[in-house]
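Hello,

Here is the model for you to look through.

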Amino acid sequence: MATVEVLLSVLMLVIIVVSLLSNAVVLICFLYNPQIRKQVPCVFTLNLTFCNLLLTVSNMPLTLVGLVNKGQPGSDAFCQLVGFSETFLTTNSMLSMAALSIDRWIAVVFPLRYHSRIRRRDAALVLGYTWIHSMSFSTAAACLSWVGYRPLYASCTLSDVTENSQTPFAVFTVVFHSLTFLLSFLVLCVTYLKVLKVARFHCKRIDVITMQTLVLLVDIHPSVRERCLEEQKRRRQRATRKISTFIGTFMVCFAPYVITRIVELFPSVPIDHRWGVVSKCLAYSKAACDPFVYSLLRNQYKKTCGDIINRLLTPSSMNTATN
């Protein structure tokens, strides 16, 4: 194996380990903390976590095998099944992120009407749409024999195996990515930018009140005044940083792969197989990022992780003290 392929194999292995552990921790927190289970968005988070876990244990290792062995892992029927699952799981993950952004938008923009607008039944309907949408495209691709091993990505994925239907396959690919990646991206941008607008408005109101208070407190110590102004700045930056993370990770991880799939439709444009694998690794890396972006960096999950660790360490500490 060349040095680049060895590095790509190591990168894929790291993505598998991080994705498996981080998504497993999210699932453990969900099972441990009843407060997390009571929240309506947990339906989308749980669905996203399961999709990431299944993608990690089923598709990623086979892509690693294909990269190492430089060939198709398993029979054609097995590869078609793996490609079907990858199309379904990836599509479902993207739509789950879009659903989470819509939930956040309603919670921030319409806080007083949130519980009446978003209930578990509504969340179940949205989740049902994500499953129908994902199942429709993956089933259509499988029925039309557009799923198979693609050496460019070293994985079983969407591919015109027979090469006898290039135009229909090209149309399907463009429609699929437009109604999945592009639609999810537009939903993320519209909802999160509206959330950022509302967050900045509230920060501005808080800043005005704070400045009025500082003006009235003429005898306030300069260090206290400086800390208040610094907190204002951090509050504004925090909101921007969160929105940038949601949209940025989606684009950085998925855009290179989707663009490569579209460019691939033009036979005259050469694509290096190493770039194809890199773009695939980036798409897989979203499964490793999602637990941190949507769950583990939130205070509720941090506290739950701390409680679980303390509970695991307490019996051993007591036994050590007794001995």
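Axes are lines fitted to C-alpha atoms, for helices over the stretch in contact, and angles run from 0 to 180 degrees between N-to-C directions. Two packed helices are described by the angle between their axes and the distance between the axes. Helices are DSSP runs (H or I, at least four residues), numbered from the N terminus.

This is a predicted model, in which local features need pLDDT of at least 70 and side-chain atom pairs count only at pLDDT 80 or more, while totals for chains, interfaces and linings use all residues. Residues are numbered from 1 along each chain as its sequence is written, and side-chain values use heavy atoms, with hydrogens and water left out.

Helix pairs

Helix α1 (residues 3-32) packs against α3 at an angle of about 155°, and their axes are 9 Å apart. The two helices α1 and α3 are therefore roughly antiparallel (angles over 145 degrees; under 35 degrees counts as roughly parallel). By class, the contact of α1 with α3 has 20 nonpolar, eight polar and one charged residues. Here Ala, Val, Leu, Ile, Met, Phe, Trp, Tyr, Cys and Pro count as nonpolar, Asp, Glu, Lys and Arg as charged, and the others, Gly among them, as polar.

α3 also packs with helix α6 (residues 120-143), at an angle of about 30° and with the axes 9 Å apart. α3 and α6 are therefore roughly parallel to each other. In this contact (heavy atoms within 4.5 Å), α3 contributes Cys 42, Val 43, Phe 44 and Asn 47, which meet Arg 120, Ala 123, Val 126, Leu 127, Thr 130 and Trp 131 of α6. Seven of the residues in the contact of α3 with α6 are nonpolar, two are polar and one is charged.

Leu 48

Leu 48 lies in α3, which covers residues 42-69. Leu 48 has a relative accessible area of 3% and is buried (under 20%, with a 1.4 Å probe and protein chains only). Leaving out residues up to four places away in sequence, Leu 48 touches Ser 93, Ser 96, Met 97, Leu 100, Asp 290 and Tyr 294. Its C-alpha atom is separated by 9.6 Å from that of Thr 90, 42 residues apart along the chain.

Ser 285

Ser 285 is in helix α9 (residues 273-296). Ser 285 is buried too, with a relative accessible area of 14%. Its side chain reaches the backbone oxygen of Leu 282 at 2.5 Å. Residues up to four places away in sequence aside, Ser 285 touches Ile 15 and Cys 253.

Regards

Note on methods
Buried means under 20% relative accessible area, exposed over 50%, partly exposed in between (1.4 Å probe, protein chains only). Angles under 35 degrees count as roughly parallel, over 145 as roughly antiparallel, 65 to 115 as roughly perpendicular and the rest as oblique. A polar contact is a pair of N or O atoms within 3.5 Å; within protein, one must be able to donate a hydrogen and the other to accept it, and residues adjacent in sequence count only if both atoms are side-chain atoms.
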